[in-house]
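Student: I have a model to go through. Can we take it piece by piece?

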Amino acid sequence: MDKRDFAFDKVNYILLAVGMVVVVIGFLLMSGAGSTESNYNPDIFSARRIKVAPLVCLVGFVSMIYAVVRRPKN
């Protein structure tokens, strides 16, 4: 098969994988123990969960979109 038949090249797949890893890291930053009716956990409103993790996920999704839109060089 000729390389021109593929929509993506190696760099696109690497960028896509890196974006996926960044999104997974963002979701891991959001995770943690929650609150129950009998036990209140103020950590659910931490800056890591409210600000940092969503921004990390957003960066990951934007990089994945760039990886899909990026045109391979001839």
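Student: Where does asparagine 12 lie?

Tutor: Asparagine 12 lies in helix 1. Helices here are DSSP runs of H or I with at least four residues, and strands are runs of E with at least two, numbered from the N terminus. A word on the source: this is a predicted model, where local features need pLDDT of at least 70, side-chain atom pairs count only at pLDDT 80 or more, and totals for chains, interfaces and linings use all residues. Residues are numbered from 1 along each chain as its sequence is written, and side-chain values use heavy atoms, with hydrogens and water left out.

Student: Is asparagine 12 buried or exposed?

Tutor: Asparagine 12 counts as buried, at 0% relative accessibility. Buried means under 20% relative accessible area, exposed over 50%, and partly exposed in between (1.4 Å probe, protein chains only).

Student: What is asparagine 12 in contact with, neighbours within four places aside?

Tutor: Ala67, Arg70 and Pro72. Contact means heavy atoms within 4.5 Å.

Student: Which residue forms a salt bridge with arginine 70?

Tutor: Aspartate 9, with the closest N and O atoms 3.2 Å apart. The two are 61 residues apart, arginine 70 in the segment after helix 2 and aspartate 9 in the segment before helix 1. The rule asks for a side-chain nitrogen of Lys or Arg within 4 Å of a carboxyl oxygen of Asp or Glu. By that rule the count is 1 salt bridge.

Student: And how accessible are the two partners, arginine 70 and aspartate 9?

Tutor: Arginine 70 is buried at 16%. Aspartate 9 is partly exposed at 23%.

Student: New topic. How many aromatic pairs are there?

Tutor: A search of the whole structure finds 1. Phenylalanine 8 and tyrosine 13 have ring centres 5.6 Å apart and planes at 80°, so the pair is edge-to-face. Rings of Phe, Tyr and Trp (its six-membered ring) pair if their centres lie within 6.5 Å; planes under 30 degrees apart are stacked, over 60 edge-to-face, the rest tilted.

Student: Where is the kink in helix 2?

Tutor: At alanine 53, shortly before proline 54, and about 30°. The bend is the angle between axes fitted to the seven residues ending there and the seven starting there.

Student: Which residues of helix 2 are buried?

Tutor: Arg49, Ala53, Cys57, Gly60, Met64 and Ala67. The buried residues of helix 2 pack against helix 1 (10-30).
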